[in-house]
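Please look over the sequence and the structure below before reading on. The report after them is meant for someone new to this structure.

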Amino acid sequence: MFEYAIARKLQMAYGIEKIAFETSVIGADQLRRLELSHFAFFDQNMLLINPGRIVRMQEWLRKKLVSYFIAGRPEKVAGRRENFWSAFFALLGIVQRDHSRIRESFFLKLHKNIYVNGWFQEAVLFEPIRDILIKDFAYTAPGLADTEICKRMRTENSVCVHVRRGDYINHPVFDVCHEAYYCGAMERIAGKVADPVFFIFSDDIGQVEREMKFPYPVVYVRERHEACDELFLMRQCRHFIMSNSTFSWWAQFLGEAEDKIVVAPARWRRDDAANRDIYMDGWILVDV
């Protein structure tokens, strides 16, 4: 979703005709699969089954340059090198961002084809086009929209509480947000919202129900859904208690309640200095 969002931003900035997805690496991901086809912006012609010569050349150059100058370096060193080489990447029509902030470049204007690769988890990039992205990521789930739980999320002071576990267990970079964080976050919400209803979402809902004790009554979303359906339900809520996960980031970003309150962990990664760009103004930060 971040990659589509940056492609959309570049498309508008540089008058690019079409957004397309080169999906050759997705098959190697054992945890996820491509589900962008569920959203309003998508059509099958966006999938590059046989990338053209220019795209193949840009991909080959990117891999060579990244592997030679950036890959395997410590985060700060990789970030500096990525920044240093960003103009040269842009000269080739390539936008590469894994360790550094994206930079505007005159050279991108010279290209009809721009090759984009990276994380692009910078909130300031997407806040100006949020209304466009809400429309692009529109998704209708008739089987869920008419359910009682969805109706409650839309009509009550609903709070989406996202507990990310899964691959975060014993992860070298990300910690699982603990019970004290969620209890503190609930206290903050309850101090601002009348009669909040906390809806618990997790990729391991059974473990959360067994091990975590919350200070307020909660509703466990126990039924397993596809990721797009889970995101649909999460974004129906009025307020959000995030985990340090981009999945809950997108839920709160796409949530349309004008009075929404967002609580987030004060530390996103074990390296506290890393990934601060993902934070948005107005979030309430709670220690983890």
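What follows is a description of some helices, strands and single residues.

This is a predicted model, in which local features need pLDDT of at least 70, side-chain atom pairs count only at pLDDT 80 or more, and totals for chains, interfaces and linings use all residues. Residues are numbered from 1 along each chain as its sequence is written, and side-chain values use heavy atoms, with hydrogens and water left out. Helices (H or I, at least four residues) and strands (E, at least two) are DSSP runs, numbered from the N terminus.

**Helix H2 and its surroundings**

Helix H2 covers residues 53-69. Its 17 residues reach 24 Å from first to last C-alpha, close to the 24 Å expected at 1.5 Å a residue; the expected span is 1.5 Å times one less than the number of residues. Buried means under 20% relative accessible area, exposed over 50%, and partly exposed in between (1.4 Å probe, protein chains only). In H2 the buried residues are Val55, Gln58, Glu59, Arg62, Leu65, Val66 and Phe69. They lie on the same side of H2 because they cover an arc of only 140 degrees around the axis, where the arc is that of the directions from the helix axis to the C-beta atoms. Exposed Arg53 and Tyr68 sit on the face of H2 turned away from its buried side. The cover over the buried residues of H2 includes helix H3 (75-91), strand S1 (94-97) and strand S2 (115-118).

S1 is itself covered on both faces: Ile94 and Gln96 on one side, and Val95 and Arg97 on the other, are all buried. Two strands pair if DSSP finds at least two bridges between them. S1 pairs with S2 in the parallel sense over four bridges, and Arg97 has Gly118 in S2 as its bridge partner.

**The six-stranded sheet**

An open sheet of six strands runs in the order S5-S4-S3-S6-S7-S8, with parallel pairing. Its edge strands, S5 (218-220) and S8 (284-286), each pair on one side only. From one strand to the next, the twist averages 25 degrees. Three bridges join S4 (residues 197-202) to S5 in the parallel sense, and Ile200 has Tyr220 in S5 as its bridge partner.

**Helix H10**

H10 lies across S3 (158-163), S4 and S6 (239-241), running at about 160 degrees to S4. Axes are lines fitted to C-alpha atoms, for helices over the stretch in contact, and angles run from 0 to 180 degrees between N-to-C directions. The axes of H7 (residues 148-155) and H10 (residues 227-236) come within 8 Å and cross at roughly 35 degrees. Where these helices are in contact (heavy atoms within 4.5 Å), Cys150, Met153 and Arg154 of H7 meet Phe232, Leu233 and Gln236 of H10. The residues of this contact divide into four nonpolar, one polar and one charged. Ala, Val, Leu, Ile, Met, Phe, Trp, Tyr, Cys and Pro count as nonpolar, Asp, Glu, Lys and Arg as charged, and the others, Gly among them, as polar.

**Two residues with positive phi**

Neither residue in the table is a glycine.

| Residue | Phi | Relative accessible area |
|---|---|---|
| Phe120 | near 55 degrees | 0%, buried |
| Asp195 | about 50 degrees | 68%, exposed |

Phe120 is in the loop between S2 and helix H4 (123-126), and Asp195 is in the loop between helix H8 (179-190) and S4.
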